[in-house]
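Please work through the model below with the structure open beside the text, following each pairing and packing arrangement as it comes up.

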Amino acid sequence: MRFTVGAKVEARYGLVHCCTPRQYSGAGRYLKITTFAAVRCHLHSKRNSSDMAKLYQFTLFLAFALVIGFAASGQQVVRQPDGRVAGRWYSAGSQAGTYIVLVSDDESRTAGVEIASRLNRLGINALLADGIVVDSWATLPLDSCIGKLRQLVEAVKKQTAGTVGIVGASRAATVALVAATVDFRIKSVIALEPGEFFPPAGIIAKRLQELRVPTLVLYQPKDKERIARLLEWMPERLLVLSGTLGKPGVTTLLGNDTQSGEAWLAITLFVGRNVER
């Protein structure tokens, strides 16, 4: 998004300052937007309160537009080999590793954006898979879901020469783990609460006997034994287990509490050891 009304935009120390030429030269008005989206408007003017209220509303609108514009500025739509939308690309460079983020619209699209953005800030690429693509897996057989995921991997390989990893929750996490046993382009997996989501009973544990890529599994403490049974044949040197989730799915990753911090610490350490940047 580009603003052409004589605005000067300056990013510095996590702040965005926006001011017109007159304001910049010393009229004393400026808009300061922090990265936490707190908006404060400092106006030194003799206008009446009605004008001030309108001006304040305008600055809030401008602040929102700026935040949206900057959030989308580094992203592009990536397409699958068949031309359909694969997702939105968060770029860190053509040689950096990439994580495909699988979060369905039914779970939380906000969480998908948060995960992709945080991974990108760690210096790696992220492909936030289109929610419609992930949602469609709810009714598909396991191998069909794996085929869909492999198309996303193909789309990523056209963007970067770096390694590819997968981040997913619940059903998508399970698909990612099994896909890593058959698609050797997948070099690591971050799985939140995988499980036996596909028939017949026990098929996932059986297929995961062949899993041989670095894997981080995050789960709720109450699910520790279930996760251990699911991955009992996994070599210990490749498996990191972290019972840091306080809520099902991706919800914990959106919090600002201790559990969220511990979950992100586990992810950050895992990414640092297994992805080139």
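From β11 the chain crosses through helix α8 (residues 224-230) to β12, in a β-α-β crossover that is right-handed, a term for a path from the first strand over the helix to the second that runs clockwise with the strands pointing away from the viewer. The elements named here are DSSP runs numbered from the N terminus, with helices being H or I of at least four residues and strands E of at least two.

The model is a predicted one, in which local features need pLDDT of at least 70 and side-chain atom pairs count only at pLDDT 80 or more, whereas totals for chains, interfaces and linings use all residues. Residues are numbered from 1 along each chain as its sequence is written, and side-chain values use heavy atoms, with hydrogens and water left out.

S242 is found in strand β12, which covers residues 239-242. Because its relative accessibility is 8%, S242 counts as buried (under 20% relative accessible area, with exposed over 50% and partly exposed in between, for a 1.4 Å probe and protein chains only). Leaving aside neighbours within four places in sequence, S242 is in contact with L216, V217, L218, Y219 and A266, where contact means heavy atoms within 4.5 Å.

Helix α3 (residues 109-121) has 13 residues and should span 18 Å at 1.5 Å a residue, and its end C-alpha atoms, 19 Å apart, agree with that; the expected span is 1.5 Å times one less than the number of residues. The buried residues of α3 are A111, G112, I115, A116, S117 and L119, and what covers them includes β6 (85-90), β7 (98-102), β8 (125-129), β9 (164-169) and α9 (258-274). Just after α3, G123 takes a positive phi of about 95 degrees.

D130 lies in the loop between β8 and α4 (131-135), and, neighbours within four places in sequence aside, D130 is in contact with V85, A86, G87 and R109.

Finally, the axes of helix α5 (residues 142-157) and helix α6 (residues 171-179) come within 9 Å and cross at roughly 80 degrees, so α5 and α6 are roughly perpendicular to each other. Axes are lines fitted to C-alpha atoms, for helices over the stretch in contact, with angles from 0 to 180 degrees between N-to-C directions, and roughly perpendicular covers 65 to 115 degrees. At this crossing, L142, C145, I146 and L149 in α5 meet V175, A176, V178 and A179 in α6.

Definitions and conventions:
Parallel < 35°, antiparallel > 145°, perpendicular 65-115°, else oblique.
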